[in-house]
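Here is a short briefing on a protein model. Look at the structure first, then follow the points by topic.

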Amino acid sequence: MDDIIAGRNPVREALRGGRPINKILMSKESNSGPLQEIFALARGKGILVQKVEKQGLNKFVSETSHQGVIALVSPKAYVAVEDIIEAVQPGEEPFLILLDEISDPHNLGAILRTADAAGAHGVIIPRRRSAPLTPTVAKSSAGAIEYVPVARVANIAQTIETLKKRGIWLIGADAGGQELYWDVRLDGPLALVIGGEDKGLGRLVKEKCDILVRLPMSGQVNSLNASVAAALLAYEVVRQRRKALEHAGVSHS
């Protein structure tokens, strides 16, 4: 059975990313520039584009806006953790994001978008009590799902132990963390560990992390949305890595 990618940016990035697409359905009622671009990309790749009534698209997606276009695609494949690590290029430090029971597909999509923008090598989620890769996740990621490898594992705590053996430092985000996140070195091989929306990091996962960091909170609410926290930490990694490269005299974009 096909998966469905809905929305202009997700469909366009699926085309650009080379995702196997079985068919694209496009609204007859709209002929905007973005849809024309998608049509041209699809035609260039020899992918069937079928013009349908808007109501026909509504039958495929009930939880998200399709913006006049959907793509019927092969299910998005998960990768293995080893695949993510082995794809790290020589001279690069591994940068992973582990998600401990993120259940909101919009948060997962937003984190994938951040992971792509910040240059993370991959995202790891648990098989149980986590949002899977769905059309809603694809839509929320704005197409980043096509570029960020996602591994699904049986046990996050055991995966942390595996990563430690590969020399990867585990940084957990927790309101009770010992250090503010910007006071910790984040320029080496590392994985950020982000907890679920309701309870944060699980006890065992928290214990397995090398260090727990916290975000400064000055208001009456003591936590941020999981995807916001992931973005702040990911971009601190980017900032520190750029500084480290500058210190070493290495140019970067």
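The buried residues of helix α5 pack against several elements: β5 (95-100), β6 (122-126), α6 (135-140), β7 (150-153) and α9. Keep in mind that this is a predicted model.

**Helix α5**
- The buried residues in α5 are N107, L108, G109, I111, L112, T114, A115 and A118.
- Helix α5 has 14 residues, which should span 20 Å at 1.5 Å a residue. Its end C-alpha atoms are 20 Å apart, so the span agrees with that expectation.

**How α5 meets α9**
- Helix α5 covers residues 105-118, and helix α9 covers residues 226-247. Their axes come within 9 Å and cross at roughly 10 degrees.
- Angles under 35 degrees count as roughly parallel, so α5 is roughly parallel to α9.
- On the α5 side, the contact is made by N107, A110, I111, T114, A117 and A118. On the α9 side, A226, S227, A230, A231, A234, Y235 and V238 take part.
- What kinds of residues make up the contact of α5 with α9? They divide into 10 nonpolar, 3 polar and no charged.

**Helix α2**
- Helix α2 spans residues 33-44 and has 12 residues. From first C-alpha to last it reaches 16 Å, close to the 16 Å expected at 1.5 Å a residue.
- Which residues of α2 are buried? They are L35, I38 and A42.
- Seen down the axis of α2, these buried residues fall within an arc of 60 degrees, so they line one face of the helix.
- An α-helix has 3.6 residues a turn, so residues three or four places apart point the same way.
- R43 and G44 are exposed, on the other side of α2.
- The cover over the buried residues of α2 includes α1 (8-16), β2 (21-27), β3 (49-52) and β4 (69-73).
- After α2 comes G46, with a positive phi near 70 degrees.

**Loop residue A131**
- A131 sits in the loop between β6 and α6.
- Is A131 buried or exposed? Its relative accessibility is 5%, so A131 counts as buried. The cut-off for buried is under 20%.
- Leaving aside neighbours within four places in sequence, A131 is in contact with I102, S103, D104, P105, L108 and I125. One of these, L108, is also among the buried residues of α5.
- A131 and W182 are 51 residues apart in sequence. In space they are 29 Å apart, C-alpha to C-alpha.

Technical notes: Residues are numbered from 1 along each chain as its sequence is written. This is a predicted model: local features need pLDDT of at least 70, side-chain atom pairs count only at pLDDT 80 or more; totals for chains, interfaces and linings use all residues. Side-chain values use heavy atoms; hydrogens and water are left out. Axes are lines fitted to C-alpha atoms, for helices over the stretch in contact, and angles run from 0 to 180 degrees between N-to-C directions. Helices (H or I, at least four residues) and strands (E, at least two) are DSSP runs, numbered from the N terminus. Angles under 35 degrees count as roughly parallel, over 145 as roughly antiparallel, 65 to 115 as roughly perpendicular and the rest as oblique. Contact means heavy atoms within 4.5 Å. Ala, Val, Leu, Ile, Met, Phe, Trp, Tyr, Cys and Pro count as nonpolar, Asp, Glu, Lys and Arg as charged, and the others, Gly among them, as polar. The expected span of a helix is 1.5 Å times one less than its number of residues. Buried means under 20% relative accessible area, exposed over 50%, partly exposed in between (1.4 Å probe, protein chains only). The arc is that of the directions from the helix axis to the C-beta atoms.
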